[in-house]
Amino acid sequence: MELPRIESEAELTEIGLVRKVQPIVEGFPDRLPRTDEIADLNAHFGPVLTAVALEQICRRVHPHAAFREAVEAAGREAAQGRTPALPAERRPEVLIVESSDPFWPGRKWGQHVEPWRSWVRKSGCTTDFVRTSATGGVQTNADTLIRELKRQTRSPLILLSQGQGSLEVRWALEHLAATAPEALAGIGAWISVGGGARGLSMAAWRSRSWWRLAQAEMALSLKGRPPQLLRSLSITHPRVMRAFGPPFRHSGSGFKGGSILCVSVVGLALPSDVPQSMWSEFQAFSRWIGPNDGVASFQDQVLGTGYVLPIMGLTAAAEPARLGPWLAGICSVLAQKLSAPSA
């Protein structure tokens, strides 16, 4: 295979980049690349071309391609104010988990909740949120989620989380699957935006250097967040590294109580998307880990089950203006799946 390279400024356009990565895309006609293959692609072609290739592969591979097409169509409808008609008794509620990414500058705890709720309502779903603690650790907030999910009576329920919140959702759902599976009966789907559920490569990156580690832990302390959060969110944490087990399922199976359909919303940031204060670290981080959203690699963000939906230009800040139409489309498609008579 001829090695694609960026040789002119014209090739940095979206059309130019897509054309350039076609030899890579054709090498994966029926599956996503493995972690080792992504590392090889990154080493040979660089993070920009690899990111574009991964997004294009997901546009072609079953079942992610069909899901993306449905989401794009539903998102356009929602953006134009055409809300799907859903039966009131089967209208899903989307439960959004408060959080913020500990490594992205200027993010306040839970600041995504209200903008996300506004977009999700365009899908015809109702919304609510879970108040968690910026000063609590992952386990503390997971315990809060466990209590909340045990109280929930809405069905079907769609969980929506980001960053640290996604790891807290994972731990809560795994705990309930083992100890109180009846609490999962109404949960139909989980949308995880960005990394977190499988750790954050940025946490491992900062831990590689004692100086970066000390700086990161000091920054967390100054924000009132537990310094040990860095280790809890690392991709090398033993609990994070465990394979996903129940209650998660693949996209092909029908909805049934206690079996949760997953959607991985993957951010693929380009250098122009990253704040100037993070630019040099982002460049070095991308060379080390490959395509990412600024703090989590492509691999971190893919749950390993369900649908994968990459979004070019989306960062760990999960900007509502960029992400919103996608959230409306995803929730609309899931709502129609979960409210169907056979669901």
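Modeller: Let's start with β1, α6 and β2, which together make a right-handed β-α-β unit. Right-handed describes the crossover: with the strands pointing away from the viewer, the path from the first strand over the helix to the second runs clockwise. Names such as these come from DSSP runs, numbered from the N terminus: helices are H or I runs of at least four residues, and strands are E runs of at least two.

Two notes before we go further. This is a predicted model, in which local features need pLDDT of at least 70 and side-chain atom pairs count only at pLDDT 80 or more, while totals for chains, interfaces and linings use all residues. Residues are numbered from 1 along each chain as its sequence is written, and side-chain values use heavy atoms, with hydrogens and water left out.

The part I would like you to look at closely is β1. Its partner β2 covers residues 126–130, and the two strands run parallel, paired over five bridges. Strands count as paired if DSSP finds at least two bridges between them. Within this pairing, Val94 has Thr127 of β2 as its bridge partner, and Ile96 stands opposite Phe129. β1 also pairs with β3, again in the parallel sense, through four bridges.

How buried is β1? Five of its five residues are buried, so the strand is largely enclosed by the rest of the structure. Buried here means under 20% relative accessible area, exposed means over 50%, and partly exposed lies in between (1.4 Å probe, protein chains only). Both faces of β1 are covered: Glu93, Leu95 and Val97 are buried on one side, and Val94 and Ile96 on the other.

An α-helix has 3.6 residues a turn, so residues three or four places apart point the same way. The length of α7 also fits: at 1.5 Å a residue, its 14 residues should span 20 Å, and its end C-alpha atoms are 20 Å apart, which agrees. That expected span is 1.5 Å times one less than the number of residues.

A nonpolar core is a set of buried Ala, Val, Leu, Ile, Met, Phe, Trp, Tyr and Cys residues joined through side-chain atoms within 4.5 Å. The largest such core has 32 residues, and Ile191 and Leu323 have the most contacts inside it. At least two of its residues come from each of α5 (64–79), β1 (93–97), α6 (113–121), β3 (157–162), β4 (187–193), β6 (260–268), β7 (307–312) and α15 (320–339). The greatest share is that of α15, with nine residues. Leaving aside its neighbours within four places in sequence, Leu323 is in contact with Trp116, Val193, Val265, Ile311, Leu314 and Ala318. There is also a second, separate core of 27 residues, and Ala142 is one of its members, along with Phe282.

Finally, a look at some charged pairs elsewhere in the chain. The whole structure holds 16 salt bridges, each a side-chain nitrogen of Lys or Arg within 4 Å of a carboxyl oxygen of Asp or Glu. One of them joins Arg231 and Glu217, at 2.5 Å from N to O. This pair links distant parts of the chain, with Arg231 in α11 (residues 229–232) and Glu217 in α10 (residues 210–222), 14 residues apart. Arg231 is partly exposed at 46% relative accessible area, whereas Glu217 is buried at 19%. Elsewhere, Arg31, Arg34, Asp36 and Glu37 are linked in a salt-bridge network.

Methods: Contact means heavy atoms within 4.5 Å.
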